[in-house]
Amino acid sequence: MERQCLMIPGPTPVPVGAALAGAQPMINHRGPEFGALLSEVTGSLARVLVTHGTVLVFPASGTGGMEASAVNLLSPGDKVLVAVAGEFGSRFAEILRVTGAQVSTIEVEWGTRVDPAAIRAALESDPAIRAVVVTHNETSTGVTMDLASIRRAIVREDVLFIVDAISSMGAIQLHQDEWGIDAVVGGSQKGLMTPPGLAMISLSPKAWDKVERTTRRSVYWDFMAARKFFERPTAQTPYTPAVSLLYSLRESLRMLESEGLENVYRRHRMLARAVRAGVRGIGLEPLAPDDCASSTVTAVKLPDGVDAKSLLSTLRKEYGVVIAGGQGSLSGRIIRIGHVGNVSWQEVVVSLSAIEMALAKLGRSVDRGASVAAAEEVFMARG
Ligand SMILES: *Cc1c(COP(=O)(O)O)cnc(C)c1O
């Protein structure tokens with residue numbers, strides 16, 4: 001039997017300890033053990049995001065957290081500016097439209113990052129804009145945005161800064177308070193090394209002011225209710241929480257904090273550099289330029305004549321390596337290698353080796369060993 005090497009940008013491999021933690025006996029979700037569990041998880045998430053704000057956790061995939069933010073932070077008709085640099089920015093724009101906001105977008109060429117000057121100019125030309133929405137790490141293109149610079153471009157105090165950090169939380173540094181981010185949305189199944197099913201939203205005091213004034217349009221996604229229950233003598237949630245996933249998440253967060261968040265971020269940056277060096281070693285080119293390359297996912301352009309579907313299926317069937325394809329307009333034109341969460345140099349070496357062999361099998365001439373050698377240079381230089 002072949003072991004599978006899961007190298008997609010989410011869901012990511014769950015550490016055994018976190019998986020086992022999820023198998024603990026059920027507890028009363030209105031009792032003291034649950035209160036301690038929820039408080040530890042939200043406290044740890046606040047440390048990950050370097051914030052003094054309140055973190056809420058809902059049972060949902062990340063998209064649920066995006067929709068929850070939309071209905072709590074914006075009233076129908078509110079003007080929002082969304083930076084669309086790929087599939088996930090486009091999804092946030094769609095959610096905002098459907099939930100009643102008046103959406104304008106800044107379209108960024110896929111594979112590049114959002115230019116803060118464009119945000120500044122859009123805000124200057126439309127004083128009615130109430131919020132700016134940015135995807136921290138655009139998983140469809142492998143680009144990470146410069147949130148601190150974007151914040152500096154949002155000069156108006158009355159504008160909320162909302163960030164989709166679903167594919168960066170726990171893997172790429174984000175300083176919520178220092179960078180002035182009002183709402184950060186995360187998901188359990190990427191950098192946080194937990195099975196899919198939890199969305200978290202971290203809110204600034206300014207975001208809470210807005211939540212209090214927004215017309216309430218959802219019973220389930222009600223941030224006010226969530227805060228009220230969280231502030232009970234033993235912390236609770238309004239509706240039945242995903243207890244087992246919270247056990248897993250607590251374990252994963254303990255692992256991240258014991259590795260040290262700085263070390264975790266450094267490990268991801270190293271893996272990204274190794275993947276980029278590796279694919280270049282066999283003549284392939286990453287989609288994103290080096291200065292905005294994601295440390296959690298690398299999109300790699302496919303040369304003419306290489307069929308994405310055949311490559312991905314050869315990787316999976318012959319070598320047990322699972323890599324993602326392109327989304328939207330990049331479908332068929334790129335592959336995406338996830339290197340996020342519970343991943344080390346070992347999986348990167350195996351993946352690069354498998355890519356070499358799969359390309360060779362598909363009839364490309366490949367300088368076999370070259371990608372692994374290039375990655376080794378990166379690993380050995382780390383000291
Ligand atoms: C994964 C992801 C999401 C959410 O996807 P779900 O499938 O709903 O968890 C949103 N934004 C980004 C940037 C993502 O990578």
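How do the residues of the shell around the ligand divide into nonpolar, polar and charged? They comprise 3 nonpolar, 8 polar and 3 charged residues; Ala, Val, Leu, Ile, Met, Phe, Trp, Tyr, Cys and Pro count as nonpolar, Asp, Glu, Lys and Arg as charged, and the others, Gly among them, as polar.

The model is predicted: local features need pLDDT of at least 70, side-chain atom pairs count only at pLDDT 80 or more, and totals for chains, interfaces and linings use all residues. Residues are numbered from 1 along each chain as its sequence is written, and side-chain values use heavy atoms, without hydrogens and water.

Select the ligand first. Of the 14 residues around the ligand (a heavy atom within 4 Å), Ser 61, Thr 63, Thr 139, Asp 164 and Lys 190 come nearest.

Next, display the side chains of Asp 164, Gln 189 and Lys 190. A polar atom of the Asp 164 side chain lies 2.6 Å from a ligand nitrogen. Ligand oxygen atoms are found 2.7 Å from a polar side-chain atom of Gln 189 and 2.7 Å from a side-chain N or O atom of Lys 190. Taken alone, the ligand exposes 380 Å², of which the protein buries 88% (Shrake-Rupley method, 1.4 Å probe).

Now colour helices H3 (62-73) and H4 (87-98), the elements that give two or more residues to the shell; helices are DSSP runs (H or I) of at least four residues, numbered from the N terminus. H3 gives the most, with 3 residues.

Finally, move to Gly 369, in the loop between helix H12 (345-361) and helix H13 (370-381). Its C-alpha lies 7.6 Å from that of Glu 356, 13 residues apart in sequence. Gly 369 is partly exposed, with a relative accessible area of 34% (buried is under 20%, exposed over 50%, partly exposed in between; 1.4 Å probe, protein chains only).

Definitions and conventions
A polar contact is a pair of N or O atoms within 3.5 Å; within protein, one must be able to donate a hydrogen and the other to accept it, and residues adjacent in sequence count only if both atoms are side-chain atoms.
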